[in-house]
Amino acid sequence: MATKLLQRYNERERMNHWFVVLMFVLAALSGLAFFHPSLFFLTNLFGGGAWARILHPFAGLVMVLSFAGMFIRYWRENVISDSDREWKKHMGEMMRGDKSRMPPVGKYNYGQKLVFWIAALSLAVLLVTGFMFWRPWFAPFFPISLMRVAVLLHSIAAVALIASIIVHVYAAIWVKGTVRAMTRGTVSDEWAKANHPLWREEVNKR
Amino acid sequence: MTGVISQDVMARSATTTPSPQIRSAVPEVAKLIDESKCIGCKACQVACMNWNDLRDDVGDNVGVYDNPADLTASSWTVMKFYEVEPKAGSLEWLIRKDGCMHCEDPGCLKACPSPGAIVKHANGIVDFVSENCIGCGYCVKGCPFDVPRISQKDNKAYKCTLCSDRVGVGLEPACVKTCPTGAISFGTKADMVSYGEKRSGELKERGFQNAGLYNPQGVGGTHVMYVLKHADQPELVGLPNNPSISPLVSLWKGIAKPLAVAGMIGAVVASFFHYVKVGPIEEKSEDKNDEKEKA
């Protein structure tokens, strides 16, 4: 029985991640309620339309602030490098179930890096544009013409973020043995060998 | 406004199915404001606050007659005074009664995310249903005329109702009833358009060559119209030339919404079918072989 486990995320990293998740769920559900009439029923989860409107920006702000902790921790490991190009080339094959030609990967593969940067960028846009029409406190400082741009960009960034999170969640489910990295903090040695061999080498060297 | 709303609501904010359309013979109404007859007495402001039980805070003198200086959540109509020179050397004092234009294609209604917080009646009146208002301020972004104001007290949006409660029982709006010079008229839209054109003609005869009716088609026409002495330059009295709902708002509240919702739901569904078709990525585990051997 191979039971060797490698530490991937420590306790603080996991707490940070799941706190961001919680805030994302609150911000996304309340925000989607205003995005399309078919989703307005989601305001009921927050005590009605006015309450959803009041709570949404707070959930969003706390999400961005807590994501900042993750950004500081992980941005270096997510810098896109030359070796990612090779991975990108074979991405389609992997999606069709053939992983044989994927190059060896460090802590994060190209797909994970992409999710990281889309999340970081869209959160930055959400933060800035969100302040611009945050009623009643900040909206009065911005002209209507600027707020029109802000609401549109806010929606686009929100959709980009939600789409990237759907990919993120699916990837974690799709690649077996991944979820425990964020729930238990550890992954199996086999998982690391198969999915992140360069990272495995690094960990074993420590 | 609430209360008098029955099935003659023809359009409803944040609602994707049609509102009752069957009472199609309801005549469309309009208010016509004749700039050339207005003397700036502000009786309309008083009548509006009286009928609607509004009492704005006493403000500050800003050095001109405008009082209050702008529309507020409790001042739904305001006289605006403009000292302008349409031609060099010819000073004119223009007065315009500001307030909701009651657009045929209302930008506020299009932008509003709360079902039924903004309605358009069959007679053309656009009304805010305060109990459904969530205070987001999207109507402010949707409006091409900068009309809705959100109360600091209750975070609800307010504007002129065209006295929908009075009109609903066959009365004219309070401002129309009170106007001492007949500068404000009220009737069917068709009558008001023809009367407005007649008045424009009279003004032209008296030397205002560019007099005309302000009934902007960019928002499908409005149910509050002006006879302007200088209809070629509506900016002189703070009105936009060719107003329309901002393309940003149309994009945001138009094609982007269903596409994005379909995209997000599609991503989840596609993920599920991908899993079913391709299956998960599993490491070649020695555990499994062990288990097989055990079994």
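This is a predicted model: local features need pLDDT of at least 70, side-chain atom pairs count only at pLDDT 80 or more; totals for chains, interfaces and linings use all residues.
Q: How many residues does the largest nonpolar core have?
A: Residues with the most contacts inside this core include A:W199 and A:I162 from chain A, and B:M264 from chain B. The core's total is 48 residues.

Q: Which helix gives the most to this core?
A: Several helices of chain A, among them helix 2 (49–74), helix 5 (110–132) and helix 6 (144–174), each supply at least two residues, and so does helix 8 (256–278) of chain B. The top contributor gives eight residues, and that is helix 1 of chain A.

Q: How far apart in space are B:Y65 and B:M79, C-alpha to C-alpha?
A: Along the sequence, these two are 14 residues apart. In space, the C-alpha to C-alpha distance is 8.6 Å.

Q: How many of the five residues of strand 11 of chain B are buried?
A: This strand covers residues 224–228. B:V224, B:Y226 and B:L228 point one way and B:M225 and B:V227 the other way, and all are buried. The strand is therefore largely enclosed by the rest of the structure, and the count is five of the five.

Q: Which residue stands opposite B:V224 of strand 11 in chain B?
A: Strand 11 runs parallel to strand 2 (residues 29–34) of chain B, and four bridges join the two. The residue opposite B:V224 is B:K31.

Q: What is the bridge partner of B:L213 in strand 11 of chain B?
A: Strand 10 (residues 212–214) of chain B and strand 11 of chain B run antiparallel, with three bridges joining them. For B:L213, the partner in strand 11 is B:V227.

Q: Which residue does B:D34 form a salt bridge with?
A: B:D34 is in strand 2 of chain B, and the pair links distant parts of the chain, with the partner in helix 6 (residues 189–205), 165 residues apart. Both members of the pair are buried. The closest N and O atoms are 2.6 Å apart, and the partner is B:R199.

Q: How many residues apart in sequence are the parts that A:K107 and A:E77 tie together?
A: The side chains of A:K107 and A:E77 meet in a salt bridge at 3.7 Å, N to O. A:K107 is buried at 14% relative accessible area, whereas A:E77 counts as partly exposed at 33%. A:K107 lies in the loop between helix 4 (91–95) and helix 5 of chain A and A:E77 in the loop between helix 2 and helix 3 (83–89), so the separation bridged is 30 residues.

Q: What is the relative accessible area of B:D98?
A: B:D98 belongs to strand 4 (residues 90–98) of chain B. Not counting residues up to four places away in sequence, it touches B:L71, B:W76, B:T77, B:V78, B:K80 and B:Y226. B:D98 is buried, and its value is 7%.

Q: With which side chain does the side chain of B:D98 make a polar contact?
A: B:D98 also meets B:K80 in a salt bridge at 3.5 Å, N to O. B:D70, B:K80, B:R96, B:D98, B:D146 and B:R149 are linked in a network of salt bridges. The polar contact spans 3.1 Å, and the partner side chain is that of B:R96.

Q: How many salt bridges does a search of the whole structure find?
A: The pair A:K107 and A:E77 is one example, and B:D34 with B:R199 is another. Over all chains, the search finds 16.

Conventions: Residues are numbered from 1 along each chain as its sequence is written. Chains are lettered from A and ligands numbered from 1 in the order in which they are written. Side-chain values use heavy atoms; hydrogens and water are left out. A nonpolar core is a set of buried Ala, Val, Leu, Ile, Met, Phe, Trp, Tyr and Cys residues joined through side-chain atoms within 4.5 Å. Buried means under 20% relative accessible area, exposed over 50%, partly exposed in between (1.4 Å probe, protein chains only). A polar contact is a pair of N or O atoms within 3.5 Å; within protein, one must be able to donate a hydrogen and the other to accept it, and residues adjacent in sequence count only if both atoms are side-chain atoms. Contact means heavy atoms within 4.5 Å. Two strands pair if DSSP finds at least two bridges between them. A salt bridge is a side-chain nitrogen of Lys or Arg within 4 Å of a carboxyl oxygen of Asp or Glu.
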